[in-house]
Amino acid sequence: VASGDEAMPRVREQIANGAHPNLRVLRKGLRESGKGFASEIVAAPTRKIVYEFHQTRGRAGKRFCIVDAVDDCNRTAANVLLKILEEPPDHSHFILISHSPGLLLPTIRSRCQAHMLRILSDQQVAEVLANQHIFGAEASKNDIAAALKLAGGRPRRAFEALKLADNKHLKKLEDWLREPAAAPIETALDIAEGLGGIKNAAAMKFAREMVRDWIYNETRAAAYAKPLQHKRLASANQLWDKANALFFQTDTYNLDAGQTLISLFDAIRKHACETQTIDNLE
């Protein structure tokens, strides 16, 4: 990013303040009301950055755009981004951060060089939170411990978990996922209803990630079990495909997110009951 006779301390200062002309960051912006952040990256700011990258550079040197995270792009924004990835301007680089690369558009994945990053330890995530002054009077030790558990080594998830620490429906979901086969059906209905609606978009998105994490861990447990649990693994894989298909349809056709959760909860409960039966028989 540095170029010419610009001193590195000055360059760092510009980057830290988001003022360097050769660096842009695309992430979720503020809501139109000015209160809180939007639940996704939309097309307008994406088009603005694409337009800027097709103009003459403000300073000599390479240009960079960091998309944090590309998972947050809605369908339209992702397609806008895809166009510049197909034919990037000279001396321009796009760094796409993804927490779920398997869910990205195949056309986007095919145009990227993948670099896998290791999951951080709970201690490292706690240090990130501390450096960002997240440990305030409003964040109790119990909230922090719960956030670290839900984060799974991902600082961003820890931030989100702390912000949503008071959401009782997410806590109910966490409890329900511990024993979905034994939990009452009414509990699942209450969770889905409580997370529905536009006002709960952030909590709903976090709930979806919790469900994906559960399915991932269930699939991993079946794959690494000795002896290998073939039927459990096949069922978990089908559950993963079903979850992604349901979420895609919900986002694409603006379906009822609460009803989507109910359908998925039914599938998870069925999987848990059937795999328990398989284990008992084996």
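Helix H3 spans residues 75-86, and its 12 residues reach 17 Å from the first C-alpha to the last, close to the 16 Å expected at 1.5 Å a residue. Keep in mind as you look around that this is a predicted model.

- The buried residues in H3 are Ala-77, Ala-78, Val-80, Leu-81, Leu-82, Ile-84 and Leu-85.

**Helix H5 and its two sides**
- In helix H5 (residues 122-131), Val-125, Ala-126 and Leu-129 are buried.
- Because these three cover an arc of only 100° around the axis, they lie on the same side of H5.
- Exposed residues Gln-123 and Asn-131 sit on the face of H5 turned away from that buried side.
- The packing partners of the buried H5 residues are helix H6 (141-151) and helix H7 (155-163).

**Helices H8 and H10 as a pair**
- Helix H8 (residues 168-178) packs with helix H10 (residues 201-224) at an angle of about 10°, and their axes are 10 Å apart.
- Angles under 35 degrees count as roughly parallel, so H8 and H10 are roughly parallel to each other.
- Their crossing is right-handed.
- From H8, the residues in contact are Leu-170, Leu-173, Glu-174 and Leu-177, which meet Ala-203, Phe-206, Ala-207, Met-210 and Trp-214 of H10.

Conventions: Residues are numbered from 1 along each chain as its sequence is written. This is a predicted model: local features need pLDDT of at least 70, side-chain atom pairs count only at pLDDT 80 or more; totals for chains, interfaces and linings use all residues. Side-chain values use heavy atoms; hydrogens and water are left out. Helices (H or I, at least four residues) and strands (E, at least two) are DSSP runs, numbered from the N terminus. The expected span of a helix is 1.5 Å times one less than its number of residues. Buried means under 20% relative accessible area, exposed over 50%, partly exposed in between (1.4 Å probe, protein chains only). The arc is that of the directions from the helix axis to the C-beta atoms. Contact means heavy atoms within 4.5 Å. Axes are lines fitted to C-alpha atoms, for helices over the stretch in contact, and angles run from 0 to 180 degrees between N-to-C directions. Angles under 35 degrees count as roughly parallel, over 145 as roughly antiparallel, 65 to 115 as roughly perpendicular and the rest as oblique. A crossing is left-handed if the near helix is turned anticlockwise from the far one by less than a right angle, and right-handed if clockwise.
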